[in-house]
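Look through the sequence and the structure before reading on.

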Amino acid sequence: MYKILFLILLISGISSSASMAQENKLPDSLRMKWWEEARFGMFIHWGVYAQFGGVYRGHEQARGGAEWIMNRSKIPVDQYQAMAGQFNPVQYNPDEWVRMAKDAGMKYLIITAKHHDGFALFETKTSKWNMVDATPYGKDLLKPLAAACKKYGIKLGFYYSQAQDWNNPGGSAARKLMREGWPNPDSAKIDAYTLAHKGHWDPKQETASFDDYIKNVAVPQVKELLSNYGDISVLWWDTPTNMTDEAASMLQEQLRLQPNIITNDRLKRPNFPGDTKTPEQKIPDWSELEGKHWETCMTMNGTWGFRTSDQKWKPAEILIRNLVDIASKGGNYLLNVGPKPDGSFPQESIDRLATIGKWMKINSEAIYATKSSPLQPFEWGRCTMKEQGDKTLLYLTIFDWPQDGTIVLPIKNKVLKASFLANGKTLKVKSQSDAIKIEVAKQAIDPVATVIKIELAGKLEKEKTATAKKMKTGALDE
């Protein structure tokens, strides 16, 4: 009798706690407000795969990001887990990581708490395959990172691979051909095996069912992540390989622990759309904008996880212009860093973050809390917009400086003021019948991107646009 009464009270308490969490949930317009205003965040891909650096048995991984090396090279579970014995990031300085993100003008940070190799960067009771139990470092990496984010006012988010897990038994595996890894003489045999075993290549991966994995690893780990690290602003799902609606529902239920959390669209399509769409390594064109929240995630070089041979670094100029382009279309830019196995950022990433930060220190007003402008597109650059009461602010970010020293905008509103954002210098404006002509200097203030701020009277009339195409939201199974 007492046991039954205790269970009733316990269930009632859990239900009550969940209900209270839901009651504390903000309306979507307020819940998404910080995210809409942020526009710029840091993605971090880090784990045991960094120790490989894209090389297995002396061979460069033939295709895909370095974080996929276990799958593409078909590394046996025991061999891969043995590499964790060398993963000792003694140079890890989360305070420095977060400070660099803040100085670059980023407003939030998302780290791979668990990628597809199933390795947890945090202490977990569900599996020994984690940073505390499997490495000589022996400490939870996320707790000091959470503390640093709180210190610097940076929103913290976790990436979590909810379906794919190549080390914890029962996790799914997207099938990749052996040729995408290294020239294994047994490639034909291995490809036949993965075809017959739903992408798996090691019998140890199949000693439990997918349902077992979801119930015993994924759900409790998500609960740990949402319970042990303070306020978590984003949960970034990835690759719903073999995912079911039932499993997705179990995972989504854990979000009650963080009622104001923001999630993406990769938990399980189409029934679990989340809050944000996720184009990957591409910036949508104007025909794809559907009026929904979206975030382009993109690498600085060619890979997400650290790879020693990848020197295809994008110039800082391109990264800055990408940020402006994305903001001008109403999206966010999630720019990736792949830390080295010792815990330090590659110098190339550090240099680019610093350069972006210098530009943002002067021009961030043209990025933060802006909306897409109907005055798009321009060959010379991009335009973002803010509405302030009975005024409209336009920010013209000029990439290609006009040779005749003028910028023409097809607007009829009265111009209250036009000036360079960098130095406040007022610019002359001439009104025409259906446009305005702005006289600018003969040379750009910043050859990468110079911003002109225009204050207009009234609201800017929006041009009618054609029906948008569906946004392509990037890779599901890389």
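## Terms and model

Helices (H or I, at least four residues) and strands (E, at least two) are DSSP runs, numbered from the N terminus. The model is predicted: local features need pLDDT of at least 70, side-chain atom pairs count only at pLDDT 80 or more, and totals for chains, interfaces and linings use all residues. Residues are numbered from 1 along each chain as its sequence is written, and side-chain values use heavy atoms, with hydrogens and water left out.

## The annotated span

An unreviewed UniProt entry places the feature "domain: Glycoside hydrolase family 29 N-terminal" at residues 29–365. UniProt positions follow the numbering used here, feature names are shortened, and annotations may be inferred rather than shown by experiment. Residues 29–365 are 34% helix and 11% strand, and the end C-alpha atoms of the span lie 22 Å apart.

## Two domains

The chain is divided into domain 1 (28–366) and domain 2 (381–457); these bounds come from an automatic or database domain assignment. The C-alpha centres of the two domains are 39 Å apart. Twelve residues of domain 1 are in contact with 16 residues of domain 2, where contact means heavy atoms within 4.5 Å.

About 1,300 Å² is buried between domain 1 and domain 2, and carbon and sulfur atoms give 59% of this area. In domain 1, Arg321, Glu365 and Ala366 lose the most area to domain 2, together 46% of what that side buries. Buried area is the accessible area (1.4 Å probe) that two parts lose on being put together, summed over both.

## The second largest pocket

A pocket is found on a 1 Å grid over the protein atoms alone, as an open set of points where a 1.4 Å probe fits, with protein on both sides within 12 Å along at least five of seven lines; lining residues have an atom within 4 Å of a point. The second largest pocket is lined by 18 residues, and Lys155, Gly230, Asp231, Ile232 and Ser233 lie nearest its centre.

Helix H9 (142–152) and strand S5 (155–160) each supply at least two lining residues. H9 gives the most, with three residues.

## Two backbone details

The peptide bond from arginine 269 to proline 270 is cis, with omega near 0°. Proline 270 lies in the loop between strand S7 (262–263) and strand S8 (295–298).

Arginine 57 has a phi near 55°, a positive value in a residue other than glycine. The loop that holds arginine 57 lies between strand S2 (55–56) and strand S3 (59–60).
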